[in-house]
Amino acid sequence: MRSTLPPGLTATSVVAASSANIGPGFDSMGIAVSLYDEIIVETTDSGLVVEVEGEGAGQVPLDDSHLVVRAIERGLSETGVVVAGMTVRCRNDIPHSRGLGSSAAAVVGGLAVANGLAAQAGSTPMTLEQLVQVSSEFEGHPDNAAAAVLGGAVVAWTDAGAGSARYAAAPIRLHPDINVFVGIPQVRSSTAETRVLLPEQVSHTDARFNLSRAALLVVALTERPDLLMAATEDVLHQPQRAPAMPASAEFLAALRRCGVAAVLSGAGPAVLALSTEPELPAEALQYGLDHGFTVAKKSVGTGVKWSSGVAVPR
């Protein structure tokens, strides 16, 4: 049985940006970053209205092809809830097409706001594990989605057995001395476009290198931040993507020359830097500013939140 919601109910979700890979952890490690999107849904008698403020305004579709709307509809289906119509308001701070998980945030936020509606119908909301699974199905890989759902730093994996893939993730406790910095350029990039730059096969030497660094990365993030420089080395995706985003590659190299563990954020072009110092070296910071990057210190993002009945004030 499906529950049909009456008009006039409201649900809200707030979801963080995320940075995937963190160097060697390709498609398997991520960290939430304190840039947030907010989604507010109100049930109506009929139809669909989509409003977008901030990032993506005037650029994304305002119909049922909007990623947030698709995620809400999937979430309602998963929880056995039906709405006759709805107004969807998106207030976006996460930059689009920069490698900061804007699509994962849209999906996770949409699923979470569906949970808020389901709670008002007396239906059982999706668990965090279900949110990771369903959002990763949209993404095709779990690193961004899991970080957006759980917050903090995560290790995520895929079980590609018979039938559909199963996605899962586990949080890891980030060392308190680690500070997070994000460099965001004006230029955009598409994950699909940069993924085609990656070879279908890699050598045992490169695979062994990244396996050692990914294992070391967990140690560095949790217990030994002094190992972050070595732990963030990668040979499987960042060098291959560098020609498509030379400014990002050069800024990343400039940070690392200054002793800062910098990586491409997801598929780029944003750059993520991890440091035990409270600020970035002036030389590296100036290099980023001179080359069109907005550089800011961020806290680690929290897991997705949803509520029912009252919109969260901005």
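Where does Asp-27 lie? Asp-27 sits in the loop between β2 and β3. The views below show a predicted model, in which local features need pLDDT of at least 70, side-chain atom pairs count only at pLDDT 80 or more, and totals for chains, interfaces and linings use all residues. Residues are numbered from 1 along each chain as its sequence is written, and side-chain values use heavy atoms, with hydrogens and water left out.

**View A. The loop between β2 and β3 holds Asn-21 and Asp-27.** Strand β2 covers 10-20 and β3 covers 29-44. Helices (H or I, at least four residues) and strands (E, at least two) are DSSP runs, numbered from the N terminus. Phi of Asn-21 is near 80 degrees, a positive value in a residue other than glycine. Asp-27 also has a positive phi, near 60 degrees. Most residues other than glycine have a negative phi. Is Asn-21 buried or exposed? Asn-21 counts as buried because its relative accessibility is 3%. Buried means under 20% relative accessible area, exposed over 50%, and partly exposed in between (1.4 Å probe, protein chains only).

**View B. Strand β9 pairs with β11 and with β12.** β9 spans residues 179-185, and seven of its seven residues are buried. One side carries Asn-179, Phe-181, Gly-183 and Pro-185. The other carries Val-180, Val-182 and Ile-184. Five bridges join β9 to β11 (residues 271-275), and the two run antiparallel. Here Val-180 stands opposite Leu-274. β12 (residues 293-298) is also antiparallel to β9, over six bridges. In β12, Ala-296 is the bridge partner of Val-182. Two strands pair if DSSP finds at least two bridges between them.

**View C. A cis peptide bond runs from Gly-268 to Pro-269.** Its omega is near 5 degrees. Most peptide bonds are trans. Pro-269 is found in the loop between β10 (261-264) and β11.

**View D. Helices α1 and α2 pack at an angle of about 40 degrees.** Their axes are 7 Å apart. Axes are lines fitted to C-alpha atoms, for helices over the stretch in contact, and angles run from 0 to 180 degrees between N-to-C directions. α1 and α2 are therefore oblique to each other. Angles under 35 degrees count as roughly parallel, over 145 as roughly antiparallel, 65 to 115 as roughly perpendicular, and the rest as oblique. The residues in contact include Leu-67, Ala-71 and Leu-76 of α1 and Ala-106, Gly-110 and Leu-117 of α2. Contact means heavy atoms within 4.5 Å.

**View E. Helix α3 spans residues 128-139.** Its twelve residues reach 16 Å from first C-alpha to last, close to the 16 Å expected at 1.5 Å a residue. The expected span is 1.5 Å times one less than the number of residues. Among the buried residues of α3 are Leu-131, Val-132, Gln-133 and Glu-139. Their cover includes α1 (67-79), α2 (102-120), α4 (143-150), β8 (166-172) and β13 (305-308). Just after α3, Gly-140 takes a positive phi of about 90 degrees.

**View F. Leu-150 lies in helix α4.** Leu-150 is partly exposed, with a relative accessible area of 27%. Leu-150 and Leu-128 are 22 residues apart in sequence and 7.4 Å apart in space, C-alpha to C-alpha. Leaving aside neighbours within four places in sequence, Leu-150 is in contact with Leu-128, Ala-169, Pro-171 and Gly-303.
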